[in-house]
Amino acid sequence: MNDTRTTEGRLPALYLSHGAPPLADDPVWPGELAAWAAALPRPDAILMVSAHWEEAPLALGATRTVPLVHDFWGFPEHYYCVRYPAPGAPGPADAVRKLLHGPGTPVQDVPDRGLDHGAYVPLVEMYPDADVPVLQISLPTLDPRRLMEVGRRLAPLRDEGVLIVGSGFFTHNLAALRHAGGVPGWSSDFDDWGGRALAAGDVDALLDFAHKSPAGRLAHPRTEHFAPLFVALGAADAAGDLDSARSVIDGFWMGMAKRSVQFG
C-alpha cells in the first residue's frame, strides 16, 4: 500500500450505476457523479468491481497503465477514442491477493487486462484527472452470498485508503427496454423496492431479490449488473455500517434505474 496517506479514517464502500459511453453527454448525470466524488475523502486507490468482467477464479487486472477495454459495439467513433490513463495499483493488488487467496479461493493475474467501460465511464466523471491508482478485479461468481463474502474479506482495504466500488446498474434489461417507452413499470417498481430494502438494511431480501422483489427477473434477467452491489454490501457488513446506506443518486436514464448507494 502507499506509505503516504491522503485520507484519514475508513473510506466508504460504493455501488454505482455506471452508464454506457453516452453517459458523458447526459446533461445531469456526469455532474451528479462529479459532486459525489468531490464529497468523498480522496482515496489513495480505487478497487473497482464491474459488471462487465466475469472471470473465475477471481482475477486481478493490470497493475500498470494499459489501454482501456472498449467493450461495446455500434456507438459513434468518438466513444472509442476515450482514454483514461490512471496509474496501476500494485500495492492494493498485493493486499487483495493476501486477503482473498486461500484453500479453495485461488486468485489469478491478468496483467494486460485494462479497465472496461463499467470502470472507466464513471471514473472519467468522478476523477477526470486520472490521477488515482485503479485496480479492477473480476466477478468470480454471480452468487450474491459468495460475492458478499468477497466483500467482507476485502473490507480491511477501506482502512488503508482504498475506495471499494461495485459498478453495475440498478435495473438492466436492454431487450425489454426496446419495447418500452419512458420508464417501464418493472424498472420503477424494482427501483422503489430496492431503495426501501437498502434503507431498511434488509440484506436477506436483497440476496433473494429474484423472488422477493417485484419483477426481479425483468429488472435483471442475469444478475451481473446487480452483482457488484453484493461486494459493496459485504464490505459494509464487515465494517458494521450496513445501516449507513444512503442513495446518493437516483432517477432513471433511458428507462433504467441509476440508483447509486454509499455505505459509510
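Rings of Phe, Tyr and Trp (for Trp, the six-membered ring) count as a pair if their centres lie within 6.5 Å; planes under 30 degrees apart are stacked, those over 60 are edge-to-face, and the rest are tilted. Tyr15, Phe170, Phe190, Trp193, Phe209, Phe226 and Phe230 form one aromatic cluster.

This is a predicted model, in which local features need pLDDT of at least 70, side-chain atom pairs count only at pLDDT 80 or more, and totals for chains, interfaces and linings use all residues. Residues are numbered from 1 along each chain as its sequence is written, and side-chain values use heavy atoms, with hydrogens and water left out.

**Aromatic pairs**

The structure holds 14 aromatic pairs. A pair of aromatic rings is described by the distance of the centres and the angle of the planes. Two of the pairs are set out here.

| Pair | Centre distance | Plane angle | Class |
|---|---|---|---|
| Phe75 and Tyr79 | 6.0 Å | 85° | edge-to-face |
| Phe170 and Phe226 | 5.5 Å | 75° | edge-to-face |

The pair of Phe170 and Phe226 links distant parts of the chain, 56 residues apart. Phe170 is in the loop between strand 6 (162-168) and helix 5 (174-177), and Phe226 is in the loop between helix 9 (216-219) and helix 10 (227-239). Helices (H or I, at least four residues) and strands (E, at least two) are DSSP runs, numbered from the N terminus.

Buried means under 20% relative accessible area, exposed means over 50%, and partly exposed lies in between (1.4 Å probe, protein chains only). Phe170 is buried at 0%, and Phe226 is buried at 0%. In the other pair, Tyr79 is buried at 8%, whereas Phe75 is partly exposed at 29%.

Arg259 lies over the face of Phe170, 5.8 Å from the ring centre. Such a charge needs NZ of Lys or CZ of Arg within 6 Å of the ring centre and within 35 degrees of the ring normal.

**Helix 6**

Helix 6 covers residues 185-200, and its end C-alpha atoms are 22 Å apart. This agrees with the 22 Å that its 16 residues should span at 1.5 Å a residue, the expected span being 1.5 Å times one less than the number of residues. Its buried residues include Phe190 and Trp193, which also belong to the aromatic cluster. Just after helix 6, Gly201 takes a positive phi of about 65°.

**Ser138**

Ser138 is in strand 5 (residues 134-139) and is buried, with a relative accessible area of 1%. Leaving aside neighbours within four places in sequence, Ser138 is in contact (heavy atoms within 4.5 Å) with Trp53, Glu55, Pro57, Leu58 and Ala59. The side chain of Ser138 reaches the backbone oxygen of Glu55 at 2.8 Å and the backbone nitrogen of Ala59 at 2.8 Å.

Technical notes: A polar contact is a pair of N or O atoms within 3.5 Å; within protein, one must be able to donate a hydrogen and the other to accept it, and residues adjacent in sequence count only if both atoms are side-chain atoms.
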